[in-house]
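Welcome! Here is a short tour for anyone meeting this structure for the first time. Have a look at the model below, then read on.

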Amino acid sequence: MSDAGDEASVVVQELTTRARRAARALARTDTETRNRALKAAARALRTRSAEIVSANQRDLDGLSVERNAAFRDRLTLTPDRVEAMAVGLEQVAALPDPVGRVLHEWTQPNGLNMRRVAAPIGVIGMIYESRPNVGADAAALCIKSGNAVVLRGGGESLHSARAIQAAVEAGLQEAGLDPACVQIMPSADRALVGALLQASGGVDLIIPRGGKSLVERVQREARVPVLAHAEGLCHTYIHASADVPMARKVLLDAKLRRTGICGATETVLVDAAIALQILPLLVDDLSAKGCAFRADARVRAIVPSLPEATPDDFHTEWLDAVLSIAVVDGVEEALDHIARHGSSHTEAIIAEDPDVAAVFLNGTESAVVMWNASTQFCDGGEFGFGAEIGIATGRMHARGPVGLEQLTCYRYEVRGTGQVRG
């Protein structure tokens with residue numbers, strides 16, 4: 001290993017050792033103590049709002065000119081967005097405590113009482129890129145669920161991430177908790193990421209939140225479990241039975257409310273039976289808001305002015321005001337298209353026919369599937385989780401928005417009255 005790698009390993013070992021000690025203590029705290037820390041951290045965010053926005057401006061000033069508007073929007077913090085972070089912490093504090101829940105209980109014939117009880121996972125490694133608010137969400141969810149977290153923000157958001165973490169640390173200290181419950185990497189050095197991914201025994205779970213290249217690197221190199229999604233290639237299918245005004249309203253939101261988030265619709269599939277009627281309307285609606293398009297041959301036969309889609313376009317997560325469009329013959333062809341091109345994130349159907357909707361809901365393998373709603377509702381706050389630490393598209397215990405319950409595992413508690421096996 002290089003000297004840089006050795007140094008990174010030492011830094012990460014020190015961070016995770018402190019985190020492990022803090023996690024053991026945090027797991028034994030009561031609900032009120034953890035809630036008090038979250039409320040204090042929310043107050044600190046508000047008190048330090050100007051300082052956080054100023055740190056964010058340093059990050060924005062350092063952006064390269066190649067970064068697009070969607071990336072800049074993800075990075076930008078305003079007083080309103082800082083306030084939203086503070087509200088998010090308070091919302092998490094108001095949620096039921098996920099730790100100590102009795103998930104299942106039974107008594108064996110020999111009189112032993114068995115309980116499966118929710119428990120913290122331990123130490124979480126959170127790697128994220130341009131969205132500095134992710135650090136606040138991750139800290140809130142980890143504190144409430146009794147986990148320590150080691151944060152690693154991207155180089156572009158480093159000043160913002162540090163300012164947010166400092167506010168959370170102030171809340172922990174005010175509540176009498178170990179500030180090592182929420183730590184942040186000292187720099188954006190990529191060697192530190194590599195060391196964290198190799199920290200088997202120091203970290204119990206890695207959660208990456210960022211671009212495809214980051215997630216793929218984490219999944220490739222990690223020696224600890226990973227909870228992640230690589231892309232948010234979300235689809236909206238407009239069936240022949242769709243209410244046209246509803247479809248227009250929902251698609252406009254699903255694509256353009258915020259183009260840079262993983263829940264934004266990247267492809268719309270339009271049923272052939274309704275395509276001639278609705279496609280010109282959809283294109284007019286979205287064009288008026290600055291959206292560009294990539295259209296297959298059947299779409300272009302109806303709206304010839306649209307650019308032709310390449311095969312790769314339907315595999316592209318645009319994260320921008322660009323929409324891929326295809327015409328399909330019915331729900332089965334829509335599901336086939338999603339299976340070929342999707343990323344198992346979020347899919348939606350707009351339909352009035354409940355039987356068709358049921359076919360769609362049961363026919364996709366994605367983590368989240370919606371009926372007559374915008375894909376942008378794939379969000380922990382919208383699910384009532386208070387916040388989310390990420391979206392999971394794998395087949396582990398957590399899928400879709402990852403909130404408090406998904407940040408717990410469980411242990412078995414066995415209560416006896418002197419039973420022996422002999």
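Let's start with a right-handed β-α-β unit, built from strand β11, helix α14 (residues 354-363) and strand β12. Please keep in mind that this is a predicted model.

- Strand β11 covers residues 346-350, and five of its five residues are buried.
- In a regular strand, side chains alternate between the two faces of the sheet.
- Both faces of β11 are covered: one side carries Thr346, Ala348 and Ile350, the other carries Glu347 and Ile349, and all of them are buried.

**Who pairs with β11**
- Strand β7 (residues 234-238) runs parallel to β11, and four bridges join the two.
- Within β11, Ile349 is the residue that stands opposite Tyr237.
- Strand β12 (residues 368-371) also pairs with β11 in the parallel sense, over four bridges.
- Thr346 has Val368 in β12 as its bridge partner.

**The nonpolar cores**
- The largest nonpolar core holds 52 residues, and Leu45, Met126, Val182 and Ile389 have the most contacts inside it.
- Helix α6 (residues 133-144) gives the most to this core, with eight residues.
- Which residues does Leu45 touch, leaving aside its neighbours within four places in sequence? Leu45 is in contact with Ile52, Val82, Met85, Ala86, Leu89, Ile164 and Ala167.
- A second, separate core has 26 residues, among them Ile238, Ala242, Leu256 and Val270.

Key
Residues are numbered from 1 along each chain as its sequence is written. This is a predicted model: local features need pLDDT of at least 70, side-chain atom pairs count only at pLDDT 80 or more; totals for chains, interfaces and linings use all residues. Side-chain values use heavy atoms; hydrogens and water are left out. Buried means under 20% relative accessible area, exposed over 50%, partly exposed in between (1.4 Å probe, protein chains only). Two strands pair if DSSP finds at least two bridges between them. A crossover is right-handed if, with the strands pointing away from the viewer, the path from the first strand over the helix to the second runs clockwise. A nonpolar core is a set of buried Ala, Val, Leu, Ile, Met, Phe, Trp, Tyr and Cys residues joined through side-chain atoms within 4.5 Å. Contact means heavy atoms within 4.5 Å.
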